[in-house]
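Thanks for making the time this morning. I would like to walk you through one structure, moving from its open spaces to its rings and then to the chain as a whole.

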Amino acid sequence: MFISRRIEEASWIRFLVSFTLLFAYSYWVFIRPGYWTRANDAAAPLPETLQGFHEGEPARAFAMLGEATSDYLIFQAADIPFAFLNALMITTAVALGLKILKLAATPLRFLLLLPLILFAAEIVEDALLFLMAADYIPDAGAPAKAQQIMTNIKGASGMLGTVCALVAIIGAAIASLIHLFRKPA
């Protein structure tokens, strides 16, 4: 149901709106001086940026945060809308490509599960990082391993989803241009 509905509702307007919202929010959260930049300046690399399994992470980063800990905690909350907008843009792009390229009935439709995996992993990762940075749970051992697992799942699904979204949008754009300039029969 979710997959069919996303494909059915896909449109260029929805894609452009989702892309614009993601771009604007990303600028606000990651580029301009703010919670992320202050936390990153204090303790880079932050745990959510590291793929793989790193001994001592996130304890090392949290020990370095110091006064930027409150910025980091606020960022974890601000990261949730980013995760949603990122998943929304990937979903919209892939669904639009499937719709325009007439691939909606193929197994490629299951690529629309990638943004759901991305979003779920991001939410769990953000919760774990928040709880560890706020000293509610240990920043080593099982919580750190769980966070690193979620970071790796987020990274893999995000990268694959982004590549699929790019390929889908390029394919949809080419197909749309061909359709637009094709002579009527």
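Before I give any volume, let me say what I mean by a pocket: on a 1 Å grid over the protein atoms alone, it is an open set of points with protein on both sides within 12 Å along at least five of seven lines. Please also keep in mind throughout that this is a predicted model.

With that in hand, the largest pocket holds about 410 Å³ of space. It is lined by 18 residues, and those closest to its centre are Phe82, Asn86, Glu122, Lys154 and Gly155.

Two or more residues of its lining come from each of helix 1 (2-9), helix 2, helix 5 and helix 6. Which helix gives the most to the lining of the second largest pocket? That is helix 5, with five residues. By class, this lining has eight nonpolar, three polar and three charged residues.

As a general point, rolling a probe the size of a water molecule over the atoms shows where empty space is left. Searching the whole structure in this case finds one cavity of 30 Å³ or more, and the largest cavity holds about 50 Å³ of space. The residues lining that cavity are Trp28, Val29, Arg32, Gly34, Tyr35, Trp36, Phe75 and Ala78, which by class makes six nonpolar, one polar and one charged. Helix 2 (12-31), helix 3 (35-43) and helix 5 each supply at least two residues of this lining.

Now to the aromatic rings, of which a search of the whole structure finds ten pairs. The one I would like you to look at joins phenylalanine 84 and phenylalanine 119, an edge-to-face pair with 6.3 Å from centre to centre and 75° between the planes. Because phenylalanine 84 lies in helix 5 (residues 69-100) and phenylalanine 119 in helix 6 (residues 114-133), the pair ties together parts that are 35 residues apart in sequence. Elsewhere, ring pairs link Trp12, Phe15, Phe19 and Phe23 into a cluster.

Finally, let me step back to the whole chain, which has seven helices and zero strands. Taken along the principal axes, its C-alpha atoms fill a box of roughly 70 × 30 × 25 Å. Of the 185 residues in the chain, 42% are buried, and among contacts with a separation of 6 or more, 77% are between residues 24 or more positions apart. The accessible surface of the chain comes to about 10200 Å², and carbon and sulfur atoms account for 74% of that area.

That is where I will stop, and I am happy to go back to any of these views.

Methods. Residues are numbered from 1 along each chain as its sequence is written. This is a predicted model: local features need pLDDT of at least 70, side-chain atom pairs count only at pLDDT 80 or more; totals for chains, interfaces and linings use all residues. Side-chain values use heavy atoms; hydrogens and water are left out. Rings of Phe, Tyr and Trp (its six-membered ring) pair if their centres lie within 6.5 Å; planes under 30 degrees apart count as stacked, over 60 as edge-to-face and the rest as tilted. Helices (H or I, at least four residues) and strands (E, at least two) are DSSP runs, numbered from the N terminus. On a 1 Å grid over the protein atoms alone, a cavity is a set of points where a 1.4 Å probe fits but cannot get out, and a pocket is an open set with protein on both sides within 12 Å along at least five of seven lines; lining residues have an atom within 4 Å of a point. Grid points are joined across faces, edges and corners, and a volume is the space filled by probe spheres set on the points. Ala, Val, Leu, Ile, Met, Phe, Trp, Tyr, Cys and Pro count as nonpolar, Asp, Glu, Lys and Arg as charged, and the others, Gly among them, as polar. Buried means under 20% relative accessible area, exposed over 50%, partly exposed in between (1.4 Å probe, protein chains only). Contact means heavy atoms within 4.5 Å. Accessible areas come from the Shrake-Rupley method with a 1.4 Å probe; for residues, only the protein chains shown count as cover.
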